[in-house]
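This report walks through a few local features of one protein chain. Please keep the sequence and the model in view while reading.

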Amino acid sequence: MSTPSHLCSVCSAIIKQTPTHEEWQRGSDHHRTYEDFHAALDEGCFIYTVTWRHVKAQSRSTTLDDPRTFMPTKYELYFNKRIAKRRGSQYNDLISLKIEYWDTPRTGLNCNFGLIPTSDKQFRGNHVNPNISSHTSSTSTLDLAYQWFISCRGLHKQCTRLVTPTKYLPTRLIDIGTTADTHWKLHLTSDSPPTSRNYMTLSYRWSYTSCIKLLSSTYSSFLVGQPIVELPQSFQDSILVARRFGIRYLWIDCLCIQQDSATDWENESAKMKDVYANSACNIAAAASDSPYGGLFRTRDVSALQPGIIQSSSFNTDPENSGQESVETFHATDMMFWERNVTTTPLHQRGWVFQERLLAPRALHFTNDQVFWECFGGQKCEMYPLGIPLADPLRNFSLLFKDQVEPSTVTSTPSTSALTPQPNPIMSFETSQLWNDLVEAYTLCSLTMPSDKLVAISGLAHLFHEYTHDTYLAGHWRSHLLSSLYWMVYDPAPTRFRDRNGKIIYRAPTWSWASNDIRIDYRYLKTSDVYLASIIDAQVQTATDDPFGQVSSGYVILEGIEIPGRVLRRSEWVNTFLSINNDDEAVERERGTALIRLNHRNISDQQPINEAQESCKSPSSNDSEKEVKVQENIDIDIELDCLENGWREDGDGEEEGSREVFCIPLKAHEMNPADWPEVKSFGMAGLVVRAVKSNHGKERFEGEGEERKEYEEFERIGLFHCYNSEHMEHVGVLVDEVEGVVTVKEGVRRRRFRII
């Protein structure tokens, strides 16, 4: 049996307690002073050593380790049924120990441990410490990686699902020869077939400094051959790995795509799905921030030992229920993969995101150890049989279940309000999988902002291949209405601009790809009731690739019309919205604002008129006749971009630029588990404003007498309302007993063309 890890006196006392059965309780004090906390670190407490390592990696605060800003750490010890069910422990109750560290300002930083019994059949034998070498280039390390590779190829049928029936070959490959060869050369697969169709790919972080590239000036010399020792270190190391795996060919983007040819780049970037999906394995230089950083590292082997704790206070063995006995547990960091792989320099790069997911297998070389990833699971040197409680992002089983034949595909041009789309092409679960990928992708950065959609086009191609759904600038037509409800964590300070100050167009404002922001889709549920309809949606791409760069697009959304006006404000980061000239401004948090709605006489509302059918704005006089002003209602708005705000003095404003509209998208059930007898609902939707300039394009549609001017809008944020009375005053009725949401007859609706 492994020796228990050292714990400080405070942590030792915690594991003698009985876990609670409720999560999210207020944490109890752990180390109350800065001195106590660092004393635990100095004596080598396992729990606090791991926690501190991850807290430092999470936080960007310069005062994190400042005694003057230290706040008492807290802990929670509880049975985590939610994680146990999702991540596959054989026991109904998984014990979790959460350590919370708060810095200033109060942003939660924590480390959550899962306590897995050594008797757990799923992981039995997995935690026996392997013979780990002090260097990741060692024979033992590469032998273990090769064992993972051979095992996967022989046992995992799911890891061949993305391979094309006739195994695809890239346009160009790097021929690295045999072990004795000292040169590499460029191989054109169309000129002569390679000796083997097996090849590996390399993911690395590009460097701003000069690096060897395939150019028109180097093309001929690459075909002849170049010395391996002149390649960047990461390239040399990848050749060593490929040769150990018995594979003669590599695909490296800067050597296989002609970098000074826009045509070649466009053609090859559209093939990324097939390039990576048909590779034998992807090698990831995870720890390096440039091609010169290399794959291999020297490491402290003692830091790679699993945490072992013993306790008699909680017995999870069902055969010994009610009997007091000392049980041994593995204390496993439940974010082990994310904190060791996802947060590495390489995986902050947007292009690498799809490279990792599309390849059937990936080998990640990090600072501390080598990690393995395939559709069959995740492993590492510390856990060679599988990482406990891993929650892999690479899980396309839902997508595979959605596979349809082209002959069964029907067009779905619109989504009706209050009625689920019948037989959508893509299931709700698969659409949620896409949303999860988008959330993770928006955490990554890109050197070229215009690559936002191009760098994920391979994944989009994959989803289309299995579902045959229509792709629209990062969204899918059959779930377009629900996917318009994306939230931002922190609004972008400004939109991307070129050197002349002109905004760089990437996508329509209704698409998450229009700004470089981290987004959130967590509040989409099957119980949501939609209050708006998609009438039409079109996207024009800049090239022939339907999944690539976008040049224009629009969606026509029909919904309840709630007009408003933006008030002047004293601080640039705050925006205030008001209905009908209310001048009161309320201070809000960064990137948020306040919409002030009026109680409205619903019976005075008129149905959609002909002008609104063609997205034409009604006259202000008509609008005033249809609205009766009563008293104000406050609704929050969250801006997508701080640049969407307005200056206090109004300098540079176009006339009417402060006029906005709120469009309710959906009503969503709140806290059904806490109050099952009451079906309370909230409401959320888009905030848009008219686009006064159309960049020289005509704003007319139709011919002859039918030719009409249409008005265009841009999304600037989201609004939320959690008060059923306020919802009723804009025409959304909630029956909290029956859990039914309806729209009152006669509520004013309008069609908005959002670009």
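At what angle do the axes of helix 12 and helix 14 cross?

## Two crossing helices

The axes of helix 12 (residues 350-358) and helix 14 (residues 428-441) cross at roughly 140 degrees and come within 10 Å. Axes are lines fitted to C-alpha atoms, for helices over the stretch in contact, with angles from 0 to 180 degrees between N-to-C directions. Helix 12 and helix 14 are therefore oblique to each other; angles under 35 degrees count as roughly parallel, over 145 as roughly antiparallel, 65 to 115 as roughly perpendicular and the rest as oblique.

On the side of helix 12, Gly350, Phe353 and Leu357 meet Leu437, Ala440 and Tyr441 of helix 14 (contact means heavy atoms within 4.5 Å). These contact residues divide into five nonpolar, one polar and no charged. Ala, Val, Leu, Ile, Met, Phe, Trp, Tyr, Cys and Pro count as nonpolar, Asp, Glu, Lys and Arg as charged, and the others, Gly among them, as polar.

## Basis of the model

This is a predicted model, in which local features need pLDDT of at least 70 and side-chain atom pairs count only at pLDDT 80 or more, while totals for chains, interfaces and linings use all residues. Residues are numbered from 1 along each chain as its sequence is written, and side-chain values use heavy atoms, with hydrogens and water left out. Helices (H or I, at least four residues) and strands (E, at least two) are DSSP runs, numbered from the N terminus.

## A covered helix

Helix 15 (residues 457-467) has eight of its eleven residues buried (buried means under 20% relative accessible area, exposed over 50%, partly exposed in between, with a 1.4 Å probe and protein chains only). Among the buried residues are Leu459, Leu462, Phe463 and Tyr466. Just after helix 15, His468 takes a positive phi of about 60 degrees.

## Aromatic pairs

The structure holds 34 aromatic pairs. Rings of Phe, Tyr and Trp (its six-membered ring) pair if their centres lie within 6.5 Å; planes under 30 degrees apart count as stacked, over 60 as edge-to-face and the rest as tilted. The ring centres of Tyr34 and Phe70 are 6.0 Å apart and the planes stand at 85 degrees, so this pair is edge-to-face. Tyr34 is buried at 18% relative accessible area, and Phe70 is buried at 13%.

Phe463 and Trp476 form a stacked pair, 6.4 Å centre to centre with 25 degrees between the planes. Phe463 lies in helix 15 and Trp476 in strand 17 (residues 475-476), 13 residues apart.
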